[in-house]
Amino acid sequence: RAKERGRNTFQFFTADMNHQAFEQMLLENSLRRALERGEFELHYQPQFATATGRLAGVEALIRWRHPELGMVFPGTFIALAEQNGLIVPIGAWVLKEACRQGKAWLDEGRRFGHIAVNLSARQFAADDLLDTIREALDNSGLPPSMLELELTESAIMHNPGEAIELLDRIRDMGVALSIDDFGTGYSSLASLKQYPLDSLKIDRGFVKGVPHDADDVAITEAIIAIAHKMGLKVVAEGVETAQQAEFLKAAGCDVAQGFLLGRPVAASEVARLMTAADTVVA
Ligand code: C2E
Ligand code: MG
Ligand code: MG
Ligand code: MG
């Protein structure tokens, strides 16, 4: 019986545990060691002011340079890191590295607006979030106003009661706040009004449909109108075509980001888009 069970267990492992689950397990094991092995790096995607075409900011996006798998994108490991809690130390590293890089650019005399960093729900719920942000800023010397944190609606709505207080305290530090993937979550306009936000990022899903899909046009225009009435800036993400860019500019969207304008690239490459502070721009 025991032998049979053993065999069954083995069978369960090989046959029923699908290939994907097994790969997830391997991935999780190497993810646990990735931080100490220094396998993460940040790429940066430029954001441009639609009115002037000038660089308005850069968004830091994590990449995992796995020794065997090569470059692994966040879509493969962020959800897993959320589940097992590894996102908290990984996210702290991202903040620290983004602030260090931002300060290094400043010291080189480069202008880049702000540096945006993504925060996941689990990070937002962590007890030491404020300390982590403050430490990253203090240790790097990056002015807080140059840091922008991107949160999703669901990260905030997970704990709406404490969210306002926490967002207020982040804002008090001088750090800017934006809602990522806006329009895909469940935040009511009433709750939105209470958050001390600086900008909304229109989700790529809506941007994809403009200017041809009437619903996406309506949603995009409505988000821009509401955001502006609330005193918020609007960023469009996922801009891939010239028609999208033209539509967004005409619709009054403040900032555009997407493959058409610039892909996420290494720090040294995005730096080439940054004007030197001592260069006179005509
Ligand atoms: P996100 O914050 O909404 O970032 C935008 C994602 O869209 C990025 O994917 C970016 O490369 C991609 N993207 C930008 N422009 C275009 C475009 O024109 N077309 C298309 N199809 N895609 C575009 P990426 O870098 O793979 O990141 C995916 C998501 O992973 C991010 O979505 C963010 O939610 C999460 N993420 C990335 N870095 C971090 C991080 O450091 N911490 C946390 N917590 N999450 C992160
Ligand atoms: Mg983002
Ligand atoms: Mg986004
Ligand atoms: Mg998105």
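Two magnesium ions, ligand 4 and ligand 3, sit 3.0 Å apart in this structure, and Asp181 coordinates both. Here, donors are N, O and S atoms within 2.8 Å of the metal (3.2 Å for Na, K and Ca), and water is not among the atoms, so sites may look incomplete. This is a predicted model, in which local features need pLDDT of at least 70 and side-chain atom pairs count only at pLDDT 80 or more, while totals for chains, interfaces and linings use all residues. Residues are numbered from 1 along each chain as its sequence is written, chains are lettered from A and ligands numbered from 1 in the order in which they are written, and side-chain values use heavy atoms, with hydrogens and water left out.

**The magnesium ions**

- Ligand 4 has Asp181 (OD) and Glu237 (OE) as its protein donors, lying 2.2 to 2.6 Å from the ion.
- Asp181 belongs to strand E7 and Glu237 to the loop between strand E9 (233-236) and helix H12 (242-250), so this pair ties together parts that are 56 residues apart in sequence. Helices (H or I, at least four residues) and strands (E, at least two) are DSSP runs, numbered from the N terminus.
- Ligand 2 is coordinated by Glu59 (OE), Asn118 (OD1), Glu150 (OE) and Asp180 (OD), at 2.0 to 2.2 Å.
- Glu59 lies in strand E2 and Glu150 in strand E6 (residues 147-152), so the pair ties together parts that are 91 residues apart in sequence.

**Around ligand 1**

- Ligand 1 is surrounded by 23 residues, and the closest are Arg63, Asn118, Arg204, Glu240 and Phe259. A residue counts as near if one of its heavy atoms lies within 4 Å.
- This shell divides into nine nonpolar, six polar and eight charged residues. Ala, Val, Leu, Ile, Met, Phe, Trp, Tyr, Cys and Pro count as nonpolar, Asp, Glu, Lys and Arg as charged, and the others, Gly among them, as polar.
- Strand E2 (55-66), helix H3 (74-84), helix H4 (87-107) and strand E7 (176-182) each supply at least two residues of the shell. E2 gives the most, with four residues.
- A polar side-chain atom of Arg63 lies 2.7 Å from an oxygen atom of ligand 1, and one of Glu237 lies 3.4 Å from an oxygen atom of ligand 1.
- The backbone takes part as well: an N or O atom of Ile62 is 3.1 Å from a nitrogen atom of ligand 1.
- The protein covers 82% of the 790 Å² of accessible area that ligand 1 has on its own. Accessible areas come from the Shrake-Rupley method with a 1.4 Å probe.

**Backbone details to look for**

- Asp181, in strand E7, has a positive phi of about 50° although Asp181 is not a glycine.
- Val210 and Pro211 are joined by a cis peptide bond, with omega about 0°. You can find Pro211 in the loop between helix H10 (204-207) and helix H11 (214-229).

Note on methods. A polar contact is a pair of N or O atoms within 3.5 Å; within protein, one must be able to donate a hydrogen and the other to accept it, and residues adjacent in sequence count only if both atoms are side-chain atoms.
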